[in-house]
Amino acid sequence: MQRMDPQALSLLQSVFGYASFRGQQQDIVEHLGEGGDALVLMPTGGGKSLCYQIPALLRQGTGIVVSPLIALMQDQVDALREAGVSAAYLNSSLSGDAQREVERQLLAGELNLLYVAPERLLTGRFLAQLERTEVALFAIDEAHCVSQWGHDFRPEYRELAILHQRFPEVPRIALTATADPRTREEIVERLALQRARQFVASFDRPNIGYRVGLRHNAKRQLGEFLLGHQDESGIVYCLSRRKVDDTAAWLAESGIEALPYHAGLDAATRARNQQRFLREDGVVMVATVAFGMGIDKPDVRFVVHLDLPRSIEGYYQETGRAGRDGLPAEAWMIYGLSDVVTMSQMIAQSESADERKRVERQKLESLLAYAETTGCRRERLLGAFGERYAAPCGYCDNCIAPPKTWDATVPAQKALSAVYRTGQRFGSGHVIDVLRGQETDRVLSLDHHRVSTFGIGAEMDEKQWRSVFRQLLAAGLLEADAEGYGTLRLTAASRAVLRGDSSVELREDARPERASRRRDSQLITGGSLGIEAYEQPMWDELRALRTRLARQHGVPPYVVFHDATLLAMLRALPSNEEEMASISGVGEAKLKRYGRDFLAVINAPA
Ligand code: ADP
Ligand code: ZN
């Protein structure tokens with residue numbers, strides 16, 4: 001055991017209700033407590049917030065937290081207040097009076113923590129106010145926003161280096177869930193954190209199960225998937241707005257609480273849907289990637305992708321929104337040949353030597369490799385960020401049911417030569433017709449029934465050929481044109497296969513229906529949380545009470561108690577305040593506020 005600051009631990013227990021620090025939290029808290037700077041790279045759900053909240057409480061003065069996300073600020077502040085911490089935020093959503101009141105509290109030294117938007121922090125007025133205040137520390141959340149390479153670039157973030165110049169004595173902590181080493185370097189440079197100690201956690205999310213399948217009938221597959229996730233909150237990502245609307249409407253008709261979210265909806269509808277997702281239990285959000293940044297909801301039990309996302313980072317970030325509370329969650333994706341063609345086109349378009357494009361290309365390629373892998377998905381996913389993971393994880397589809405592979409050298413040669421013989425000017429549909437000897441109008445009018453490859457692949461059906469083409473594209477043995485017509489061409493790597501110098505091993509695409517049923521039953525019993533039938537009535541009562549209390553207090557249910565805490569109550573069934581206090585997540589303030597109500601429900605005579 002390491003030396004432990006008794007004060008830090010007692011704050012963790014009394015304010016936040018947790019028994020012990022997690023991972024590197026303790027080292028980070030101590031380092032900041034002693035006045036050091038830190039750069040923290042930890043995955044979503046890793047517990048970054050406590051890394052600055054506890055030092056802010058330990059040190060004299062107010063902890064200033066820079067956050068780019070207005071919606072998130074309010075949530076964090078609500079949660080802190082529920083735990084009895086004096087916290088506030090300053091951003092454009094507050095009225096003039098409310099802003100002045102927060103400023104007064106700041107100057108009077110009444111705040112432990114103050115969340116501010118970067119543009120506000122950087123105003124001359126606010127910096128001058130800070131000079132008249134005691135600042136405990138600066139926490140720069142979502143620090144990857146300084147990076148121009150990422151999707152969340154915020155120009156104001158680059159100005160934050162000024163904090164170091166104006167307040168050289170105040171410790172700074174920058175935090176991000178972006179794993180990319182390039183981004184890390186940029187954060188260090190842009191925020192002048194060369195002297196900061198770096199804390200890099202593993203980016204593995206052990207409570208997320210990964211599963212990838214082929215899309216054949218998206219709606220039916222989604223419907224089956226949701227059967228295993230009844231009454232759970234989740235996000236379903238689609239690529240287009242139309243598909244979002246369509247899918248959400250279809251789910252709603254099927255009796256599922258589903259709401260759409262995309263940039264084409266008006267602001268009021270977006271805000272309302274987001275609010276319902278946050279404040280109600282069991283809402284499914286069907287969305288484009290416009291949704292999610294700043295969604296801090298801890299009990300998202302599943303994230304679905306109905307299309308291939310745009311990059312492996314995007315996939316990691318989006319799936320990372322599941323299971324922040326550490327309870328079991330599932331990431332499920334389905335895709336098809338058309339996604340792979342689109343992806344291959346994007347790769348072709350980025351063919352230039354330019355460094356940035358090369359990076360983009362690698363990202364696309366690693367996503368395809370992830371989707372098509374026959375090995376452990378977790379190993380692939382973490383490998384894409386330079387982290388070595390010792391497979392098998394035992395909690396991805398490929399580990400649970402290793403896929404079969406077959407020697408597809410001969411069919412691959414047939415496919416490649418059919419592409420070549422027809423002039424490398426057609427998409428997979430037409431080439432498959434030629435291979436299978438289909439005398440379609442198009443085949444006849446182009447005289448393709450006379451090419452030497454006509455009918456040489458009649459032994460396989462269309463579906464099997466599509467699987468071969470998809471995998472040849474993903475493996476870089478074929479490429480799609482950059483212009484977007486979906487026509488296929490050979491690549492440098494194709495020659496070796498055609499000459500017989502290299503063989504091709506492909507994954508046997510199991511019949512999708514059977515595969516998904518079998519895997520569902522292995523990954524999920526009793527929903528994600530494994531609630532047994534006899535526990536269900538009490539679970540429902542606990543959730544109902546939580547919803548009622550959340551409404552009364554005007555906060556989301558998870559601000560009252562997380563699922564993990566509710567689950568601990570369900571399993572321990574505390575009978576008095578003392579037992580209740582020992583439940584993880586029940587701190588002193590919450591015990592006082594809610595303890596009695598929950599004890600009453602748990603101990604009500606049957
Ligand atoms: P991040 O910001 O890294 O995504 P959070 O700070 O939101 O993660 O923490 C994720 C979840 O883990 C929250 O529900 C939080 O209350 C919980 N948590 C954090 N630290 C601990 C701990 N030491 N013990 C138990 N739960 C913790
Ligand atoms: Zn695995």
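**Zinc site.** I started with the zinc ion (ligand 2) in this predicted model. Its protein donors (N, O or S atoms within 2.8 Å of the metal, or 3.2 Å for Na, K and Ca) are the SG atoms of Cys-376, Cys-393, Cys-396 and Cys-399, at 2.3 to 2.4 Å. Next I checked the geometry: the angles among the four donor atoms run from 100 to 121°, and the site is tetrahedral (four donors, all angles between 85 and 135 degrees). Is Cys-396 buried or exposed? Cys-396 counts as buried because its relative accessibility is 0% (buried is under 20%, with a 1.4 Å probe and protein chains only).

**Ground rules.** I noted that residues are numbered from 1 along each chain as written, with chains lettered from A and ligands numbered from 1 in written order. Local features need pLDDT of at least 70 and side-chain atom pairs 80 or more, while totals for chains, interfaces and linings use all residues; side-chain values use heavy atoms, without hydrogens or water.

**Domains.** I then looked up the division, which comes from an automatic or database assignment: domain 1 (5-200), domain 2 (208-400), domain 3 (405-517) and domain 4 (533-602). How many residues does each side bring to the contact between domain 1 and domain 2? Domain 1 gives 16 and domain 2 gives 15 (heavy atoms within 4.5 Å). I also found zero salt bridges between domain 1 and domain 2 (Lys or Arg side-chain nitrogen within 4 Å of an Asp or Glu carboxyl oxygen).

How values were computed
Tetrahedral: all angles 85-135°; square planar, octahedral: opposite > 155°, others 65-115°. Buried < 20%, exposed > 50% of the residue type's maximum accessible area, 1.4 Å probe, protein only.
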